[in-house]
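Trainee: I would like to learn how to read a model like this one. Please take me through the features one at a time.

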Amino acid sequence: MIVYLSQRLGQTVLVLAAVSLLAFLMFRFLGDPVVAILGANSTGLQRDELRRQMGLDGPLPLQFIDYVVSMLRGDFGLSYRLGQPVLRVLAERVPATMELALVGMAIALCIGIPAGVYTALRPDGLLSRLTMAASLVGISMPSFFMGMLLIFIFSVTLGWLPSFGRGETVRLGSLWTTGLLTISGLKAILMPAITISVFQIAMIMRLVRAQMIEALRTDFVRFARARGLPGRAVNLRHALANTLVPVVTVVGLQLGSIIGFAVVTETVFQWPGLGLLFLQSVAAADIPVLSAFLVFIALVFVTINFLTDLLYVAIDPRIRLSDKGGIA
Amino acid sequence: MLKPTWRGLAGIILSTGLLVSSGPAWTKTLRIGAQADAGTMDPQAQNIQTTITLLSMIYEPLITRDKALNKAPALAESWTQTNPTTWRFKLRPGVKFHDGSALSSADVAFTILRAQGATSQFASYVAGLTVTPVDDLTFDIVSPRPDQLLPDKLLYVPIMSKLWSEKNNALTPQNLKDKQESYTALNANGTGPYRLASRAPDSKTVLQRVPQYWGPLDGDITEVVWTPIASDPTRVAALLSGELDIVIDVPAQDVARLQQNADLKIAKVDEFRTIFFGFDLKSDKLKYADTDRNPFKDVRVRQAINLAVDRDAVVRTVMRGLASPTTQILAPGNVGYDPALDRTVTTNRERARQLLAEAGYPNGFGFTFDCPNDRYVNDEQVCKTMATMMSQIGLKPTLNAMPRARYFPKIWDRDTSMYMMGFNSPYFDGMYSLETMLMTRDDKKGEGIYNYSNVADPALDKEIAAARDEMDPRKREAMMKALYKKITDDVFFVSLYNQVLVYAMRKNVSTPVRPDNWLEIRWVTMN
């Protein structure tokens, strides 16, 4: 286990190094950060002075070394756009995004798995067919449209839910703010979370259904039935449990992408999370924020992958973590 | 695990308790929705109207404008020109910053010095000025050369507290050299009617009424909540659902719909922002073109493009009626504006083709023109239409649209053959455009700093400088009108339209709309 963990850690460092190099190179071509700091109308004298101050006038390799050295010291620099330390800017946005992603994924799991099981067990039922049709809509509906639809119904027409923002937040400790402890915060998270979950519900449901149908055809399920075990136990304990490994993998990856790329949903609801930050940072060529953001997202994916590996073992006792650095 | 949660719960209980005990007897909150947030709370770090507007609720300049848009006293009670380069100011006595310290001449001297710093976006407004305090409330401002617009420029320089800035190490607008966080990015200390109560960038900024404010307010708003909402439909939905009281940048496509809503009203004004195209007027061989010459140096080619543009069609279709066609680069309401120049040509493609042939391009020529795609209202769409209209007279334009972070550096380097620009004069005066866009480039003197066409004409420089330095306002205006006629007739720029500014608000809110898109909080009333 320790060997496995340390190997994983080594891989993580490699991934992060590659990502930071990519981040640096990519964002050099995004545009000139001087625009964000000085605005569209500035004089040549101001620009030269600023570039000199920021060390942007040196040769590129030197700039990269500078960038890596300060990153290794945990110094991601200052946001060009906001004038604040990048780490704090990110730390302020992470709770909003995490809560949104987790609530959205929870909704998706609570609806997606039962719906998948149901449609697999009764493939020809009317309800199953309706659910399948609805899931097709869910998969194909763009999330900005879904968001606007919800806003139109629940904010403009009914006036029940706020159309933007996070509501009132409560500070937990020094780093985390949560909207889940206030009524306005709960109201505010509902529509964005549903918007995020719609696609996930449809996907999880279809995945569970397909896996389940396959599992139901396997010999051990048939034998279990033949032995006279009650249908509920067979369906849930034997069939469903065997479908979960791929579901966990996909859910893990999807969770990573919701955290990293909920750009559209966050923009529609002015949700003060990472997605909104990303979009605004791209427009301003705010390179320090963008690089740190990429590194953070890489970290999220690596962590989630690691956790899903551990989850496999819990779900399926036949899987063992080998010391060769993977699953055997 | 449990502990922080309990602390959080305790926090809620505590905060509701505080609200009951220490809140004012009544609150009247104005909730403002805008497309973008103010980028900073530093009054000198960002020359963007959104930031200027929000900060003008907290900070105040020496001079402001009244409702007729004439200059009016703010922190300065009076100012007189004692000789061509010296102005004497008298500060209003008894004015206090939000932290309780008194306003004095030293604060003004400090502010102007700070505004001249490298990371200040207002450096060109105060270039070369020196402030000499005479006593606590009197000071002289000396400019390097006679400048009739000096008071107008000071409108954009809100006064900061010297002590407060020194105490918080906020001596420059942004300190990127030392990679040091700017205290002023999140904190403010002005003399204005509202003080900064809380700020969460990109989500919410709350301002609270200062009871002892020295000046008059039209309304009795006790709290201002500034909410940036980037997504157009959401911003409009939030106004419709009653979550906002006023939206200061209404998307063109929603204006008609909002007008029909009984709970809302719409206010419009012609904005000080003219959208036009400029050309490389210097190179002998056009850089991004398939010709060995520079066709744009020939006035007939520029005239041809001017004739090719169907401004009414652009305004009607792309801008949905929210623009006023024009053929000059100066908007109405500015000193030097001549309405006769708004309609100098009408679309005439045949004549345009004829002019191209006379200039030696009967089959047109191919070239690339640059446009931003996230800077002006519908910029990319306007440029696409522009490309179509130019190809209708036989030219072969290629559109190169890009984000502003790439666009402006390209234009700054004068690395363009034809470019789009939206420009306004911050001083309600046409001299700014002439001096910065048409004089030969001299960054040190602040001349031609936005001369992206590379115009270099000593005779023109002389004429502009003469108008600039003319002390008689009437003569000066006549000289400027003559200059605008000349550059319009010679088609230095192909202008399209002035943008129209639209505010939408709930029925109980009223405010005048200024053509420079400056929401003046002192004029807003709420019933």
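Mentor: Start with burial: a residue is buried if 20 or more other C-beta atoms lie within 10 Å of its own, exposed if 12 or fewer, and partly exposed in between, with C-beta atoms placed from the backbone. Helices (H or I, at least four residues) and strands (E, at least two) are DSSP runs, numbered from the N terminus. This is a predicted model, in which local features need pLDDT of at least 70 and side-chain atom pairs count only at pLDDT 80 or more, while totals for chains, interfaces and linings use all residues. Residues are numbered from 1 along each chain as its sequence is written, and chains are lettered from A and ligands numbered from 1 in the order in which they are written.

Trainee: How many helices and strands does chain A have?

Mentor: Chain A has 13 helices and 4 strands. Of its 328 residues, 41% are buried.

Trainee: Is helix α12 of chain A mostly covered or uncovered?

Mentor: Mostly covered: 8 of the 10 residues in α12(A), which runs over 274-283, are buried. Among them are L274(A), L277(A), F278(A) and Q280(A).

Trainee: What covers the buried residues of α12(A)?

Mentor: For this you need contact: two residues are in contact if their C-beta atoms, placed from the backbone, lie within 7 Å. The cover on the buried residues of α12(A) includes α5 (86-121), α10 (231-261), α11 (263-268) and α13 (287-315) of chain A. Just after α12(A), A285(A) has a positive phi of about 50°.

Trainee: How many residues of chain A are in contact with chain B?

Mentor: On the chain A side there are 55, in contact with 54 residues of chain B. Elements supplying at least two residues each to the chain A side include α7 (143-157), α11 and α12 of chain A. The largest share, 8 residues, comes from α3(A). By type, the chain A side divides into 29 nonpolar, 20 polar and 6 charged residues. Here Ala, Val, Leu, Ile, Met, Phe, Trp, Tyr, Cys and Pro count as nonpolar, Asp, Glu, Lys and Arg as charged, and the others, Gly among them, as polar.

Trainee: Now the strands. Which strand does β8 of chain B join?

Mentor: Two strands pair if DSSP finds at least two bridges between them. In chain B, β8 (residues 194-200) is joined to β9 (residues 204-209) by 6 bridges, and the two run antiparallel. R195(B) has Q208(B) in β9(B) as its bridge partner. The hairpin has 3 residues between the strands, and D202(B) in this hairpin takes a positive phi near 65°. β9(B) also pairs with β10 (residues 223-228) of chain B, in the antiparallel sense, over 4 bridges. There, T205(B) has W226(B) as its bridge partner.

Trainee: Where is L69(B)?

Mentor: L69(B) sits in the loop between β2 (63-65) and β3 (71-73) of chain B. Its phi is near 70°, a positive value in a residue other than glycine. L69(B) is partly exposed, with 14 other C-beta atoms within 10 Å.

Trainee: How is chain B divided into domains?

Mentor: Domain bounds come from an automatic or database domain assignment. Chain B is divided into domain 1 (2-245 + 508-526) and domain 2 (273-499). Their C-alpha centres lie 34 Å apart. The contact takes 11 residues from domain 1 of chain B and 12 from domain 2 of chain B. On the domain 1 side, the residues divide into 6 nonpolar, 2 polar and 3 charged.
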